[in-house]
Amino acid sequence: MIRNVFIATAICMAALGCSPASKGDDAPIAENGLDYCARQTERTLAQIESAGYGMSPRNIAPGDSTWKLCPASKELWTEGFWPGVLWYDYEYTSDEKILKAAEKYTEALKFISEIPAYDHDLGFIIFCSYGNGYRLTGKPEYKDVILATADRLASLYNSAAGTILSWPREMKSLGGHNTIMDNMINLEMLFWAAENGGKKEYADIAISHADMTMKYNFRPDGTSYHVAVYDPASGKHIKSCTHQGYSDDSMWARGQAWGIYGYTMCYRFTHDRKYLDFACRITDVYLSRLPEDMVPYWDFDDPEIPDVSKDASAAAIVASALIELSGYAGGEKGAAYLDAAKKTLESLQENYRGGDSCPAFLVHSTGHRPAGSEIDYAIIYADYYYIEALMRLKNLEK
């Protein structure tokens, strides 16, 4: 996720102070893409400023040209992505106006660190916003918010099951203590906290969660389940199933993407070879089943393919993860992963940009197709992982 500062040296954070000139189509894909993102960020910021601070972009429906704006709320898991976009844009442009906006939208989320944990999405909300903010400014108050939020996330850990409870609100409907694939991303905040003044046992919680997710959220062939359910008292595994995928037996594209990103990150913090090997294994499954344009359909097993929606957000998540994973894998495999990341970003650039029609970076993402929600939309988390991937690639191209 954030996250250049936490990655190995070759993928580490970009230097501040660069003020890029506009590039032509023949410019390196990273700088071309980042220039585009800077223009789109300005457009989004102008729209939001007219609505007043406190509102953040969530999505743009097909055919629309403006963001649906939402107030900061614990009901939304996406609130950290817009300030995260602003921090990455500031890192690239050094624009003081963008910095001030990043600070305002980040600090509007402080309340998340002050209330009891309500689900697993605390890492998405706080580490994308405050995490990037602390990485670039070193403000001690930002660190304090991250550590306080890590405390709240850790409170959802069930030692019997060995995982964090993802959705307290869904315990009845799903039949017990539930752990979803998305939760892998929130482990980053626990790992980071353990190394930066938080409780050391938070790393143990993250490792246990990753190990149990590896065991029960994946099939023998390396494809993923969205959800694993456990008995909350005994910790016994009850079932593995889907919530946002096509079926319990299908590979939901964004779920596989979260897994690729999450286990790559686990290797970064632990240097445990099993996480690297597993990240490569589930990555190879994903890459082997991609369509020609490198952007997956929303679920790899939807029988209506190709007459179903794509998910550009999954492609952006995987592109960002592959740039990091390429450095860890090394050799021919690492080179293949980096090539796949570049081809994905090129495809997103050529065929999935919002462009002049809307201020989002990317269009054609799918949120929750079974619920009929955000199908073929522009969605803010797609933009976040797209700009992160571009920043990571830019660091490699120096």
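Biologist: Which side chain does the side chain of E324 make a polar contact with?
Modeller: A polar contact is a pair of N or O atoms within 3.5 Å; within protein, one must be able to donate a hydrogen and the other to accept it, and residues adjacent in sequence count only if both atoms are side-chain atoms. Here the partner of E324 is the side chain of R268, at 2.7 Å. This is a predicted model, where local features need pLDDT of at least 70, side-chain atom pairs count only at pLDDT 80 or more, and totals for chains, interfaces and linings use all residues. Side-chain values use heavy atoms, without hydrogens and water, and residues are numbered from 1 along each chain as its sequence is written.

Biologist: Is E324 buried or exposed?
Modeller: Buried means under 20% relative accessible area, exposed over 50%, and partly exposed in between (1.4 Å probe, protein chains only). E324 has 1%, so this residue is buried.

Biologist: How many disulfides does the count come to?
Modeller: In general, a disulfide is a covalent bond between the sulfur atoms of two cysteines. The criterion is a pair of cysteine sulfur atoms within 2.5 Å, and the count comes to zero. C128 is in no disulfide, with the nearest cysteine sulfur, that of C37, 15 Å away. C128 is also buried, at 0% relative accessibility.
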